Amino acid sequence: MFSEISLDQFVGTAGEIARLDLPEACANRLKSLGLFEGQQVLLARGGNPLIVKAAGGKIAVAGEIAKGIFMRVAL
Amino acid sequence: MSSAVDTTESNSSDRSANLDSADKKSSDHVVAMLGNPNVGKTSIFNRLTNLLAKTSNFPGTTIDRRIGRVELNATSTITLVDLPGMYSLEASSPEEQVARDFLLGQSDLVPDVILIVVDATNLQRTLFVTRQALQLDRPTLVAVNMIEAARRRGIEIDLSTLARKLGCPVVGISARTGEGFDRLKSQLNIILSGPRLPLLIAGASPECPPHPAENVLTIVTEDEASCGSCRVCPYADGHQWASALARESIRDGSVVSDETTDRVDQFLTHRWFGLAVFLIVMVAAFSLVFWIAQIPMQWLDDGFGWLAGAVSAVLPEGDLQSLIVDGVIGGVGGVMVFLPQICILFFMLAILEDSGYLARAVVVVDRWMRRVGLPGQAFVPLLAAHACAIPAIMATKVIESRRDRLAAIMVIPLMTCSARLPVYTMIAAMLFPSDPLFAAGLFASAYMLGMVAAFVVAFLLKMTLLPGEPSPLILDLPPYRAPSLVNALRYTYERGWMFLRDAGTVILMISIGIWALSTYPKLSDERFAAEMVSRDVAVATLDETELANLRAAADQEHAIIGRLGRVVAPVFEPLGFDWKISVGVLSSFAAREVVVSTLSILYGLGPEPEEETSLQQRLSNATYPDGRPVFTPATCVSLLVFFVLAMQCLPTQAVTKKETGSWKWAAFQFGYMTVLAYVAALIAYQTVSLVS
């Protein structure tokens with residue numbers, strides 16, 4: 001069984017993105033940088049802005065964005 | 001980020017058509033260079049074109065592109081167009097839109113070949129846009145850059161596998177060492193001279209057919225509800241393809257180690273350590289700018305002084321000599337001495353950006369800047385504004401949200417640009433002639449006043465005209481890299497030349513104008529004598545010098561500028577300005593540094609060229625007719641405050657109009673800054689007058 005938690009609440013260093021709940025322009029920008037549904041990401045730094053690693057890149061995202069990135073967590 | 005400081009001047013698009021026709025011979029093939037930011041496109045471009053490139057704008061936009069000619073061999077030459085760095089071709093930003101139109105042949109030049117640049121040390125990341133470009137179905141060549149850096153890290157890329165999978169030729173190159181460039185050129189030549197081969201579509205598989213070229217770039221705007229089919233989720237599809245391809249093409253299989261980058265980032269992006277480092281870097285950079293620039297500035301100053309002396313010696317005394325020496329050399333020279341500072345500041349910015357640090361600085365300052373309604377991305381333009389507001393306003397292109405961009409553009413001219421420095425220097429010299437420490441403090445206060453005013457205004461805009469929060473930060477952090485000196489120098493040269501050309505011409509015209517206004521109409525000898533009689537001046541009792549000074553003052557008051565000055569003087573009187581300062585302020589509304597040359601002309605025109613005193617001495621000795629000194633501490637402070645806050649730069653106004661798309665915002669900027677400057681200077685004058 002799986003559940004979802006937003007990235008700003010996420011505890012741990014690695015996980016999979018379950019879905020993006022963000023305005024389209026925002027979501028598209030994240031996706032072109034490699035943050036999309038099903039992608040495996042590493043959390044390099046928490047806080048605000050937080051830094052994630054995915055698709056060979058390193059991306060800083062503001063806390064408000066992180067609230068719209070939902071991670072898959074095992075129950 | 002890579003385009004953050006990579007901007008161009010406002011009016012270049014007007015000339016781009018001419019540039020293009022001059023640059024591109026009709027027989028030339030056009031090659032468009034495409035790739036992510038930070039894959040080394042600029043270095044490749046510089047190496048291929050031997051640094052001979054022209055920066056212009058895409059037609060009808062302010063987005064810059066660089067065009068250069070490349071000799072492939074003795075008989076074949078191409079026109080190389082460097083497109084803005086981008087992560088995808090969805091046309092979600094103006095840069096992507098322009099690049100997409102260009103690649104689809106909907107611009108002034110039609111590309112014959114697309115040269116895609118990918119990063120050997122990060123294939124997976126940089127292959128994503130490659131696939132989108134391949135789906136345009138045009139002749140394509142892929143250059144795998146930084147091949148030597150990858151090798152050092154133990155990454156061996158199987159170029160032939162990559163070529164087979166991509167369905168186009170692939171060349172491994174290193175822009176740093178020049179490795180593979182001969183092959184790159186010969187491959188381009190083969191593609192251009194050979195028959196057009198059908199291109200294999202990358203990533204095509206039976207269950208996921210390629211999208212037709214015209215549609216592929218727009219599909220993301222479709223409904224994403226049914227995400228799961230590859231047609232509506234091209235991102236996951238593309239990234240998975242890129243990731244798989246990267247895995248297959250890396251022969252060695254060793255994992256890229258970016259532990260160093262991670263460790264450094266832990267420190268540089270830390271909430272407090274990061275902020276401390278940021279402040280240290282900025283203070284160091286600025287100190288270095290002012291410290292290093294002193295020497296070439298002195299040379300330039302001496303050079304212009306020598307030139308003025310030489311011209312005076314050659315030309316006969318008269319209007320022509322006065323025009324050249326006082327108007328042209330005095331006026332333009334006073335501004336050109338700031339070229340070293342502008343160049344060094346841009347050089348530092350280029351180095352900091354290329355190293356990867358600027359992106360970290362944005363992360364650190366974002367949290368603070370958004371409190372006043374500015375996004376973190378506005379930090380680079382605000383920093384560049386300390387050299388000149390024009391490239392800074394152009395650099396706001398990195399800010400996607402219109403609200404955020406407008407907020408940044410509106411406050412950028414409040415930052416202390418180099419054009420204000422002559423004014424600060426002049427005032428510091430008058431207030432603290434023999435106290436460098438206080439003079440430095442005055443400089444620092446002026447800088448602080450500008451920054452604080454910018455943040456306050458940004459906050460007020462957020463509360464009123466531009467409501468809402470700045471869009472949240474999404475920023476790619478490039479790996480740290482040794483910055484390229486050649487690229488930084490090339491960039492500095494471009495910026496410096498733009499300053500000389502654009503600022504130089506405006507300032508030259510204003511200087512000549514001010515000279516003419518303060519010289520004509522001339523006062524006849526009879527009229528002068530009559531005037532002296534009417535003022536009860538006993539001319540016979542004066543010595544030659546006194547008489548000449550009196551004559552010079554009378555000449556000026558008689559000239560158009562003197563009459564104008566008396567008309568506007570009442571407006572500026574509450575700020576403690578006399579009519580000459582008022583004229584200086586008026587003349588500087590076109591370009592603020594002109595006030596120094598105007599005051600230099602107004603207080604300096606006259607006799608005794610052999611007993612030349614410094615501007616500072618002349619100003620300090622200036623008095624009202626009743627003997628009161630003009631430049632009291634209160635007047636100096638008031639003048640300083642006015643120049644920190646006033647919008648006095650026509651070229652900046654033109655750029656604001658161009659970048660915001662309307663004169664409305666340019667007029668608003670001018671209006672609020674002028675009112676702010678006037679009120680603040682008034683308060684400053686009255687306060688200092690009371691205290692002293």
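In this predicted model, helix α17 (residues 402–411) of chain B crosses helix α19 (residues 436–463) of chain B at roughly 145 degrees, and the two axes come within 9 Å. The crossing of α17(B) with α19(B) is right-handed. On the α17(B) side the contact is made by Ala407(B), Met410(B) and Val411(B), which meet Ala454(B), Val457(B), Ala458(B), Leu461(B) and Lys462(B) of α19(B). Sorted by class, that makes seven nonpolar residues, no polar ones and one charged.

Helix α18 (residues 421–431) of chain B packs against helix α27 (residues 633–645) of chain B at an angle of about 165 degrees, with the axes 10 Å apart. Since angles over 145 degrees count as roughly antiparallel, α18(B) is roughly antiparallel to α27(B). Here the crossing is left-handed. From α18(B) come Val423(B), Tyr424(B), Ile427(B), Met430(B) and Leu431(B), and they meet Pro633(B), Cys636(B), Leu639(B), Leu640(B) and Phe643(B) of α27(B). The contact of α18(B) with α27(B) holds 10 nonpolar residues, with no polar and no charged ones.

Turning to the two chains, 27 residues of chain A are in contact with 26 residues of chain B. On the chain A side, the elements that give two or more residues are α1 (24–32), β3 (40–45), β5 (57–61) and α2 (63–66). Helix α1(A) supplies the largest share, with six residues. By class, this side of chain A is made up of 13 nonpolar, eight polar and six charged residues.

One of the residues involved is Ala60(A), whose bridge partner in β8(B) is Leu475(B). Within chain A, three bridges likewise join β3(A) to strand β4 (residues 50–54), again in antiparallel fashion. In that pair, Arg45(A) has Ile51(A) of β4(A) as its bridge partner.

Conventions. Residues numbered from 1 in each chain as written. Chains lettered and ligands numbered in written order. Predicted model: local features only at pLDDT ≥ 70, side-chain atom pairs only at ≥ 80, totals over all residues. Axes fitted to C-alpha atoms, helices over the stretch in contact; angles between N-to-C directions. Helix = DSSP H or I, 4+ residues; strand = E, 2+ residues; numbered from the N terminus. Parallel < 35°, antiparallel > 145°, perpendicular 65-115°, else oblique. Left-handed = near helix turned anticlockwise from the far one by under 90°. Contact = placed C-beta atoms within 7 Å. Nonpolar A, V, L, I, M, F, W, Y, C, P; charged D, E, K, R; others polar. Pairing = 2+ DSSP bridges.
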